[in-house]
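This report goes through one protein structure feature by feature. Keep the sequence and the 3D view at hand while reading.

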Amino acid sequence: MKSKRTPTRSTAWRAGAGLLLLLPLFPLHTYADGGFHSGVTYSTGYYPASAASGDFNGDGHEDITVANLGDHSVSVLLGDGTGRFTTLDHDTPVQSPRAISVGDLNEDGKLDVVTTNVQNTVSVLLGDGEGGLALPDDYSTAGSPRYTAIGDFNGDGHQDLAVASESGHISVMLGQGNGQFGGRTDYHAGAVGRSVVAGNFTGDANLDLAVTNSYSNDVTILTGTGTGAFVLSDFYFADIHPMIMTTADFNRDGLADLAAASLNGTVSVLLANGSGGFGFRTHYAAGAGAYSVAAGDFNGDGLTDLAAANSTSNTISVLIGDGTGRFHPKVDYAAGSVPETLIAGDFNEDGKTDLAAGNVRSDSLSILLSRSDAKLSSLSVPQGTLTPSFSPKTMSGYTVNVENSVDSITVTPTTADPTAAAVVSANGTPAVPGAAIPLRVGTNTIEVEVTAADGTTTRKYTIMVIRAVEVDRVTPSIGPSAGGQEVEITGKGFAKASGVKFGTVAARTFVVNSDSSITATAPAAEQGSVTGAVYVTVTAGGTDSAPGKGSIYTYDGTLPTISEVSPADGSTVETSSPVITASLHDADSGIDPASITVRLEDTTLEHNYSRQCRRFVELLFPRGYGTNDRRAGYSVTGHSVRHPGQRRGGNDCTTRYLSCIG
């Protein structure tokens with residue numbers, strides 16, 4: 001369940017100079033502390049000094065790259081979107097990499113890597129989009145480079161580099177958009193620069209730089225001019241030996257704030273004041289040897305939180321933000337031996353931020369997943385095939401088709417997080433995972449709702465299980481094309497039948513006798529198909545029966561004949577639209593007489609029989625009819641309506657086959 005805390009004040013302090021800083025009182029209310037599962041450990045190279053995350057193989061999942069200082073290499077761990085990682089079987093050689101950053105440096109849509117190296121260089125390693133990295137291209141820096149910030153410093157659309165060095169300088173190199181960089185320009189920043197971040201601290205749309213200086217215990221701000229040049233702006237005290245820093249908006253005022261981890265065991269927060277500067281620092285207790293800090297929303301409340309890697313206490317301290325720039329007291333989680341690097345990312349794609357810590361003494365990476373993972377890792381229905389195949393990220397669109405003989409199924413969900421809970425329901429009724437679930441004929445809606453360990457994060461998966469309606473036999477299986485034949489349909493799943501069709505035409509009537517029997521009256525054959533076979537389908541539960549050999553019904557071509565045409569003959573009339581009315585009757589089928597209407601002017605016949613039958617009503621009239629000569633007569637000859645005195649098919653008249661009626 002969700003962990004609750006009711007803090008009254010922070011226990012953080014300012015060490016040194018005898019100054020004790022008590023933080024403001026927090027309101028008395030509960031808050032979610034986020035919470036993380038015990039870390040899962042992955043082996044890295046020797047001395048993983050730094051790590052960064054990004055999608056290196058283009059599969060949409062976050063991966064991690066690690067700078068291994070001790071064995072002079074960069075390694076890549078590919079994520080699968082569930083919080084699990086696979087280490088590539090080869091590393092890229094880089095001479096003594098200290099820190100690592102990622103960005104698209106050659107603008108090919110693939111992530112590249114930058115490392116700072118003991119040899120006073122930075123190395124650019126271009127990504128191949130499949131997780132691999134090219135051999136490094138090196139550029140010189142000021143003495144003893146540490147961390148790098150990537151951003152467009154001169155507004156040309158290309159990514160540039162800013163490197164913090166222990167010599168007290170920032171080396172700026174402007175990118176050319178092809179993965180290459182121009183010569184460096186060095187700017188004085190402070191004593192023993194450790195890390196650098198880029199952000200818009202002054203509000204003028206130009207990127208600025210902030211640098212932690214571990215000897216002078218402060219943060220330096222260098223204001224960007226938008227041309228790639230920087231001007232030293234101001235210094236702000238942090239705590240003793242500030243190391244790695246991050247930037248984010250902690251108080252939701254739209255300005256970039258700063259947080260720096262200090263070896264003194266604190267995290268120092270500097271809030272932007274809106275005029276290009278920062279307010280007085282506030283310290284929050286972390287763990288011993290706080291070395292690195294990362295920001296993210298760890299409890300899913302939409303507010304920015306902080307986490308610190310503590311290299312002496314071998315812990316990760318999580319401080320939950322309240323949205324005003326203040327943070328609740330820390331909660332510690334175990335890491336490996338000497339964690340010096342910390343990165344944040346949604347590694348299991350549950351919408352909440354996870355953590356990865358690089359442990360330099362144990363040569364490992366600890367992955368701490370938030371307790372808000374509400375995904376399934378698998379979902380099985382043994383009685384059928386799930387279509388499409390299951391994916392943890394896909395929550396709907398699944399179908400399973402089973403035969404009518406399958407009257408129950410079992411649904412077995414497996415949660416990605418063993419501490420999450422899955423609840424199954426069928427057609428709105430609770431069911432037991434792994435136990436038999438009764439099926440009704442037609443469509444059944446199966447829902448699996450997963451609740452994460454935090455008690456609030458949920459995810460619902462939906463499966464449509466379709467139990468078939470089956471037509472086994474139609475008796476009799478042949479009848480007149482005029483329809484009217486009563487047939488019995490036998491099969492399975494008819495109890496709640498809502499429709500019967502012969503081909504595409506609905507039955508005139510049908511009665512459900514039982515779950516296995518229906519009595520139906522065949523309709524007339526559909527237009528264009530007076531003779532031939534059609535499939536009889538039964539609809540139940542929103543599902544149609546499948547066509548099969550036993551569901552065939554054949555129309556034999558028997559049609560009604562004309563029993564009467566009224567009037568039987570016609571003399572010359574004074575109208576352009578004489579009307580003929582014919583009665584249809586078929587003694588075999590017993591259908592009631594029906595009337596059709598012929599209008600000479602538009603030559604239409606209202607009926608439902610196609611031109612493929614054997615007899616037609618024909619309308620013959622002079623070519624000039626309706627224009628020059630508006631007088632015409634007709635007579636009945638057999639089953640034809642004929643204009644008097646004209647030869648069938650002759651050149652002096654026009655013959656129009658209006659339609660078949662018998």
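In which loop is Asp363 found? Asp363 is in the loop between strand 30 (354-359) and strand 31 (364-368).

## Basis of the report

This is a predicted model, in which local features need pLDDT of at least 70 and side-chain atom pairs count only at pLDDT 80 or more, while totals for chains, interfaces and linings use all residues. Residues are numbered from 1 along each chain as its sequence is written, and side-chain values use heavy atoms, with hydrogens and water left out. Strands are DSSP runs (E, at least two residues), numbered from the N terminus.

## Backbone exceptions

Most residues other than glycine have a negative phi, and most peptide bonds are trans. Asp363 is not a glycine, yet has a positive phi of about 50°. Its relative accessible area is 22%, so Asp363 is partly exposed (buried means under 20%, exposed over 50%, partly exposed in between, with a 1.4 Å probe and protein chains only). Ser144, also not a glycine, has a positive phi of about 55°. Ser144 sits in the loop between strand 12 (137-140) and strand 13, and counts as buried because its relative accessibility is 17%.

Thr387 and Pro388 are joined by a cis peptide bond with omega of about -5°. Pro388 belongs to the loop between strand 32 (376-380) and strand 33. Another cis bond runs from Thr475 to Pro476, where omega is near -10°. Pro476 lies in the loop between strand 41 and strand 42 (478-479).

## Two open sheets

Strands of a sheet pair through backbone hydrogen bonds, either parallel or antiparallel. Here, two strands pair if DSSP finds at least two bridges between them. Ser425 has Glu447 in strand 39 as its bridge partner.

An open sheet of four strands has the order 41-43-47-46, with antiparallel pairing. Strand 41 (470-475) and strand 46 (509-514) are at the edges with a single partner strand each, so one side of each has no neighbour in the sheet. Five bridges pair strand 46 with strand 47 (residues 517-521) in the antiparallel sense. Val512 stands opposite Ile518 in strand 47.

## Pockets

A pocket is an open set of points on a 1 Å grid over the protein atoms alone, where a 1.4 Å probe fits and protein lies on both sides within 12 Å along at least five of seven lines; lining residues have an atom within 4 Å of a point. The largest pocket holds about 650 Å³ of space, a volume being the space filled by probe spheres set on the points. It is lined by 27 residues, and the closest to its centre are Ala51, Ala52, Ile100, Ser101 and Ile343. Strands that each supply at least two lining residues include strand 4 (48-54), strand 9 (97-103) and strand 25 (290-296). Six of the seven residues of strand 25 are buried.

The second largest pocket has about 190 Å³ of space. Of its 15 lining residues, Val40, Thr82, Leu369, Ala416 and Pro418 are the closest to its centre. This pocket lies between domain 1 (47-140) and domain 2 (376-467), because both give residues to its lining; the domain bounds come from an automatic or database domain assignment.
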